[in-house]
Amino acid sequence: MTTIDMPRNVPEPRGAAEGDVPLLEVRDLHVEFHTRDGVAKAVNGVNYTVSSGETLAVLGESGSGKSVTAQAIMGILDMPPGRIPQGQILYRGEDMLTMSGDARRKIRGRKIAMIFQDALSSLNPVLSVGYQLGEMFRVHQGLSKKEAKAKAIELMDRVKIPAARERVGDYPHQFSGGMRQRIMIAMALALEPDLIIADEPTTALDVTVQAQVMDLLAELQREYQMGLILITHDLGVVADVADKIAVMYAGRIVETAPVHELYKRPSHPYTKGLLDSIPRLDQKGQELYAIKGLPPNLTRIPSGCAFNPRCPQAQDICRTDVPALLPVTERNGSELVGRGSACHFWKETIHG
């Protein structure tokens, strides 16, 4: 488990210049799944943007809608039972949801790539890693087997896999967890995409390997000036790499903020609960804090604010009215750039 106090050496948020079209823009996205138990509303009006060279971290507990949003962007939702009843997913201003299947396939992999959570299950166990890496070049660029193998070795070198030329013929089970995740990164980088979506890229890795993988992603992002969406439930993982954070709960974004601002002053009780539950070096021997209760069943999301059954600040209005994601301000009324909170009592949280 990662232990942190505060993010270190975090740069000011980067983004598109005023008037520029974002690399990716998600607008009012809704995703639902039709099940025997009813309609599970997994994503409920998500909005966010990512620009070239920018890292957006999407945080939240399991079931908050982080990965489903990413799958909708990539066009890999199982439909049925999944369905996108409304919303837009704009890549450089063009809505991918209205594109033909062929047009969207040209973007997927080439322009937007994804690093999946479990490298071992994502890689084919009966094909060598070199063959799987080379497939990207054979299929998309028409290279020969020999040329594709040479490209695969280059990629393995690029993600710092030792003795790449000797190991290109090895199979996934012959690599450690950290090395398999590097192969997944290499696969995502193969066609030099504009945007990478990393879905829990450090799951099941020890803390040292987590840091190595995150450092590698940050280094490659700087080199290629890619946009990066980092999906995780671990606030410690993103402390030093993200520019801005979107916190999700029950399919909605409940708080947005530049990373250093969110760690200093959260404006939503859920975010505050997540931060308080992180082990701290100055709290050795003390009982760890935990948010009471469990995330809601997505077929029966509570009325009002979905977090109200678990929130220590909940009042009557929280049980009846859904709070909008509104700008957060200082005590004097000046708006805090990039900050938003979907809480009726955000002032008590950030200024209390």
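Biologist: Is Gly 338 buried, exposed or partly exposed?

Modeller: This is a predicted model, and in it Gly 338 has a relative accessible area of 48%. Exposed means over 50% and buried means under 20%, so Gly 338 counts as partly exposed.

Biologist: Where does Gly 338 lie, and what does Gly 338 touch?

Modeller: Gly 338 lies in strand E12. Leaving out residues up to four places away in sequence, Gly 338 touches Thr 256, Ala 257 and Pro 258. As for Thr 203, which is 135 residues from Gly 338 along the chain, the two C-alpha atoms are separated by 28 Å.

Biologist: Which strands pair with E12?

Modeller: Strand E10, residues 252-258, pairs with E12, residues 335-341, in the antiparallel sense over two bridges. Glu 255 has Ser 341 in E12 as its bridge partner. Strand E11, residues 326-329, also pairs with E12 in the antiparallel sense, over three bridges. There, Thr 329 has Glu 335 as its bridge partner.

Biologist: How many residues lie between E11 and E12?

Modeller: Five residues lie between them, and the two strands form a hairpin. Gly 333, in the turn, has a positive phi of about 95°.

Biologist: What is the idea behind a core?

Modeller: In soluble globular proteins, nonpolar side chains tend to be buried together. Here the largest nonpolar core has 76 residues, and Ile 185, Val 238, Ile 245 and Tyr 263 touch the most other members. Helix H7, residues 177-189, gives the most to this core, with eight residues. A second, separate core has 35 residues, including Val 43, Met 74, Met 99 and Ile 197.

Biologist: What does Val 238 touch?

Modeller: Not counting residues up to four places away in sequence, Val 238 touches Ala 57, Leu 59, Leu 230, Thr 232, Ile 245, Val 259 and Tyr 263.

Biologist: How is an aromatic pair described, and how many are found here?

Modeller: A pair of aromatic rings is described by the distance of the centres and the angle of the planes. A search of the whole structure finds three pairs. One of them, Tyr 270 with Phe 307, is edge-to-face, at 5.3 Å centre to centre and 65° between the planes. Tyr 270 is in helix H11 (residues 269-276) and Phe 307 is in the loop between H11 and E11, so the pair links parts of the chain 37 residues apart. Ring pairs also link Tyr 249, Tyr 270 and Phe 307 into a cluster.

Biologist: Are Tyr 270 and Phe 307 buried or exposed?

Modeller: Tyr 270 is buried, at 0% relative accessible area, and Phe 307 counts as buried at 2%.

Biologist: Which charged residues sit over rings?

Modeller: Among them, Arg 138 has its charged end over the ring of Tyr 131, 4.1 Å from the ring centre. Arg 167 lies over the face of Phe 175, at 4.0 Å from the ring centre.

Biologist: Where is pLDDT under 50, and what is the mean?

Modeller: The mean pLDDT is 88, and 94% of residues reach 70 or more. Over residues 1-19, pLDDT stays under 50.

Terms used:
Residues numbered from 1 in each chain as written. Predicted model: local features only at pLDDT ≥ 70, side-chain atom pairs only at ≥ 80, totals over all residues. Heavy atoms only, no water. Pairing = 2+ DSSP bridges. Helix = DSSP H or I, 4+ residues; strand = E, 2+ residues; numbered from the N terminus. Core = buried A, V, L, I, M, F, W, Y, C linked by side-chain atoms within 4.5 Å. Buried < 20%, exposed > 50% of the residue type's maximum accessible area, 1.4 Å probe, protein only. Contact = heavy atoms within 4.5 Å. Phe/Tyr/Trp six-rings, centres within 6.5 Å; stacked < 30°, edge-to-face > 60°. Lys NZ or Arg CZ within 6 Å of the ring centre and 35° of its normal. pLDDT = per-residue confidence, 0-100.
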